[in-house]
Amino acid sequence: MNQIKQRIDALREELNKHNYDYYILYTPTISDYEFDMKLKELSDLEASHPEFFDPNSPTQRVGSDINKSFRQVLHKYPMLSLGNTYTKEEVVDFYNRVQKGLNDEFEIVCELKYDGTSISLTYINGELAQAITRGDGVQGDDVTANVRTIRSIPLKLRGNDYPPEFEIRGEILMPWSVFEALNKEREEQEEALFANPRNAGSGTLKQQDPKIVASRKLDSYLYYMLGEHLPTDGHYENLMKAKEWGFKISDATKKCKTLDEIFDFIAHWDVERKNLPVATDGIVLKVNSLTQQRNLGYTSKFPRWAIAYKFQAEKAITTLESVSYQVGRTGAVTPVANLKPVKLSGTTVKRASLYNEDYINQLDLHINDQVYVEKGGEIIPKITGVETSKRGMFDEKVVFTQTCPECGTPLIKEEGEAIYYCPNETGCPPQIKGRIEHFCTRKAMNIGSGPETVELLYNAGMIKTVADLYSLRWQDVSRLERWAEKSAKNLEDSIQASVAVPYPRVLYALGIRYVGETVAKKLATAFTSIDKLKEASQEELTQVDEIGGRIAQSIVKYFGDAKNTEVIDRLKDVGIQFELSEDILAQRTDKLQGLTIVISGTFEKHSRDEYKTMIEQNGGKNSGSISAKTSYVLAGDNMGPAKLEKAEKLGVRIINEDDFLKMIE
């Protein structure tokens with residue numbers, strides 16, 4: 001047993017070192033494959049010997065799917081925000097106030113102001129103990145489980161000269177590259193795009209499933225240490241010591257003694273920040289000495305010893321030359337502004353999204369308008385205003401198109417929605433190609449065919465529906481331009497392999513409007529075959545957890561179109577999985593038949609989603625709200641007081657995890 005414990009300890013130490021080399025020093029010393037093999041060995045050993053579990057093991061970086069609502073925790077030291085300045089004159093005022101307040105020599109530490117989510121990390125005996133968001137500055141959310149998945153945050157510190165307990169604060173960030181890839185994926189699924197990396201990172205950090213957080217590859221920079229026994233009186237020196245312990249500290253951090261040095265730093269990073277892998281929006285200036293910080297103290301809102309200099313958002317003015325319209329796979333029509341090319345944040349901007357008709361009307365856009373363009377989060381171009389004083393008398397007002405730009409079909413706009421749709425689902429080329437592209441994506445049928453391939457096959461007349469993919473033969477594909485025998489065979493093999501994709505993913509792959517991955521899984525559980533789903537009424541559909549009237553109406557409409565059912569019949573003929581597998585069906589019972597159960601609180605043995613699945617698999621129904629029709633409330637820790645009060649008032653029985661699991665034994 002000692003040998004196993006020694007091996008576990010050795011692997012943990014080695015993997016922590018490799019994490020540090022890769023994410024802090026950027027100098028990996030082993031391949032990803034070797035790292036994964038060592039991680040797998042450690043994971044297997046920990047699974048076989050749960051008595052050696054450690055929450056700070058490198059294996060915990062992948063996250064668990066146990067759902068834990070975030071509890072509020074009081075900050076030991078309040079997390080105050082900084083006062084903002086926007087001009088050099090205000091920086092001079094700050095410097096002079098510090099000079100007057102101290103009447104002594106002082107140093108100013110200049111740091112980049114990272115545009116992310118503030119976090120406070122507590123370490124006890126060199127191990128991560130707790131991670132708390134800023135919240136309202138007095139208390140924040142405990143997001144420790146999610147933060148453990150961020151590989152640039154050490155779970156165990158290096159060396160042995162750290163205080164027994166201390167706090168270090170910084171920012172959680174989503175790198176530009178991850179942000180762009182995430183938005184590209186959301187765009188392909190026609191989901192709302194994140195406006196900037198800060199919003200995307202903040203939303204990720206609040207995910208209830210740490211596995212999702214782990215997949216988003218968040219990063220961090222730490223910039224302030226607090227505690228009773230810090231290494232030195234110097235803020236800068238403490239950060240350098242924190243770097244030795246394994247924390248990611250920005251190389252841009254610099255001590256300055258004069259205003260000239262401060263302004264040189266600001267001027268340099270106002271340009272260079274555009275080359276950084278993460279978003280920044282300014283410079284933070286801090287008095288270096290902690291003793292001097294205490295002497296300067298605080299106002300009611302801000303520390304007197306620190307201030308933030310915010311960079312001006314870069315904007316440009318250019319000409320709106322025209323407006324074009326793009327059609328997505330669901331028929332959604334998006335207006336795009338075509339601009340006279342203009343330089344902005346280091347790139348040439350030619351196009352900007354106009355979102356929808358309401359946005360165009362708010363701007364009162366006319367062709368040839370002089371428009372102000374900014375980059376939202378410095379990456380997504382958007383029109384923020386119009387210089388109406390330069391508008392010509394005869395410039396044409398922009399009116400949203402009433403017909404599809406691709407097929408000429410009159411557009412429709414459903415009540416309560418801001419988006420126009422082309423209803424010609426089976427005859428509009430972008431919708432046809434978009435549905436086929438969606439069908440082929442990794443999360444759907446996982447067919448090795450990107451947009452270029454779909455475009456080529458469509459233009460060659462070889463595919464018009466997703467069912468046509470299964471009639472393709474490599475001999476025919478290999479005759480197309482830039483296609484060889486090997487790549488054509490690989491495509492055919494990929495298509496044939498997709499026959500084994502399980503029913504929930506097939507349902508998602510069909511591209512029914514509003515039916516994403518999660519909805520597809522719920523529908524597949526509630527209606528165990530495509531035939532049962534096809535026969536379901538709108539009322540029956542809305543009985544399924546999280547299926548509202550809009551989704552139900554879309555599903556009924558989809559199956560009411562003979563062209564769609566014809567495609568499904570063709571897919572059935574080639575063996576596509578349109579039923580839940582026998583293994584899953586074997587787990588289904590009627591033990592909860594006729595029962596409606598509301599889930600509330602946090603759980604230890606299973607996640608909320610797992611309990612929802614168990615209820616459905618045993619014939620019960622999930623509900624989000626308590627009513628006279630509720631049979632039971634499955635309650636965990638921190639059950640909402642309003643739900644508790646309502647359950648008691650209506651006489652609804654409250655059961656715990658153990659009670660529920662006994663019911664479905």
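Contact here means heavy atoms within 4.5 Å.

1. Basis. This is a predicted model: local features need pLDDT of at least 70, side-chain atom pairs count only at pLDDT 80 or more, and totals for chains, interfaces and linings use all residues. Residues are numbered from 1 along each chain as its sequence is written, and side-chain values use heavy atoms, with hydrogens and water left out.

2. An unreviewed UniProt entry puts the feature "active site" at Lys-113. UniProt positions follow the numbering used here, feature names are shortened, and annotations may be inferred rather than shown by experiment. Lys-113 sits in strand E3 (residues 108-114). Strands (E, at least two residues) and helices (H or I, at least four) are DSSP runs, numbered from the N terminus. Not counting residues up to four places away in sequence, Lys-113 touches Thr-280, Asp-281, Gly-282, Ile-283, Val-284, Ala-308 and Lys-310.

3. The unreviewed UniProt entry's "binding site" annotation covers Cys-404, Cys-407, Cys-422 and Cys-428. They span 25 residues in sequence, yet no two of their C-alpha atoms are more than 8.7 Å apart, so they gather at one spot.

4. Cys-404. This residue lies in the loop between strand E16 (380-386) and strand E17 (420-421). Cys-404 is buried, at 3% relative accessible area. The cut-offs are under 20% for buried and over 50% for exposed, with partly exposed in between (1.4 Å probe, protein chains only). Neighbours within four places in sequence aside, Cys-404 contacts Val-327, Thr-409, Leu-411, Cys-422 and Cys-428.

5. Cys-407. The loop between E16 and E17 also holds Cys-407. Cys-407 is partly exposed, with a relative accessible area of 27%. Its contacts, leaving aside neighbours within four places in sequence, are Cys-422, Asn-424, Gly-427, Cys-428 and Pro-429.

6. Domains 5 and 6. The bounds are 503-585 for domain 5 and 588-664 for domain 6; such bounds come from an automatic or database domain assignment. Their C-alpha centres lie 26 Å apart. In contact are 9 residues of domain 5 and 6 residues of domain 6.

7. Their interface. The buried area is about 740 Å², with carbon and sulfur atoms giving 42%. That is the accessible area (1.4 Å probe) that two parts lose on being put together, summed over both. Helix H17 (517-526) and helix H22 (582-586) are the elements giving two or more residues to the domain 5 side. The salt-bridge count is 0 (side-chain nitrogen of Lys or Arg within 4 Å of a carboxyl oxygen of Asp or Glu).
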